[in-house]
Amino acid sequence: MQANLIGIVMFPGALIGSLFVPYMGALSRKYNGRIIILAGHGFMILGALLMAVLQDMPLGIGIVMFIFSLGYTTLVSSAANVVPSTLKKTEIGIGMGLFTLLSILGGAFGPSILSRFLSFNTNFTISFIIVIVMSVIGIFLILATRADNSQDDLNRQPANGLK
């Protein structure tokens with residue numbers, strides 16, 4: 001695909017996915033946030049599988065970008081609600097600070113490492129397998145944690161006006 005078309009193909013899916021952020025945050029507060037995080041990982045896995053198949057079709061890439069964006073926004077908004085539930089009340093401040101720091105570092109280094117891997121002229125499908133493996137690791141990590149805090153994910157109220 002030509003470089004000037006890449007943004008045109010990717011933008012609509014990313015924009016539509018970003019519009020779902022408030023709703024995903026409300027869902028994670030209304031229902032069990034861990035289930036919403038698992039759904040986000042499911043969207044990421046589905047997006048990677050579809051991208052491996054549709055990587056040569058511009059319309060398919062646009063649709064897959066929506067699925068990736070939906071998965072990413074689901075993970076980010078839900079994680080911010082679930083992380084405090086795994087911490088003691090005295091640890092929430094430093095825990096959320098550490099969570100934010102690691103999120104920023106992951107956002108900086110993750111794409112750089114994957115881009116470097118792709119620069120070796122390997123098959124694109126391998127990069128999507130890496131995304132799937134990372135999502136599966138995330139699923140195991142979320143299943144391995146449990147809520148020790150008295151803040152129960154099931155009893156949280158929805159965000160302002162979102163039900």
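Which residues in H1 meet which residues in H4? In this predicted model, local features need pLDDT of at least 70 and side-chain atom pairs count only at pLDDT 80 or more, while totals for chains, interfaces and linings use all residues. Residues are numbered from 1 along each chain as its sequence is written, and side-chain values use heavy atoms, with hydrogens and water left out.

On the H1 side, the residues are Val-9, Met-10, Gly-13, Ala-14, Ile-16, Gly-17 and Ser-18, and they meet Pro-58, Ile-61, Gly-62, Met-65, Phe-66, Ser-69, Leu-70 and Thr-73 in H4 (contact means heavy atoms within 4.5 Å). Sorted by class, this contact of H1 with H4 has nine nonpolar, six polar and no charged residues; Ala, Val, Leu, Ile, Met, Phe, Trp, Tyr, Cys and Pro count as nonpolar, Asp, Glu, Lys and Arg as charged, and the others, Gly among them, as polar.

As for geometry, the axes of H1 (residues 3-18) and H4 (residues 58-82) come within 7 Å and cross at roughly 30°. That angle makes H1 roughly parallel to H4, a label for angles under 35 degrees. The axes are lines fitted to C-alpha atoms over the stretch in contact, with angles running from 0 to 180 degrees between N-to-C directions. Helices are DSSP runs (H or I, at least four residues), numbered from the N terminus.

H4 also meets H2 (residues 21-30), with axes that come within 8 Å and cross at roughly 45°. Val-21, Met-24, Gly-25, Ser-28 and Arg-29 of H2 make the contact with Leu-70, Thr-73, Thr-74, Ser-77, Ser-78 and Asn-81 of H4. By class, that gives three nonpolar, seven polar and one charged residues.

Note on methods
Helix = DSSP H or I, 4+ residues; strand = E, 2+ residues; numbered from the N terminus. Parallel < 35°, antiparallel > 145°, perpendicular 65-115°, else oblique.
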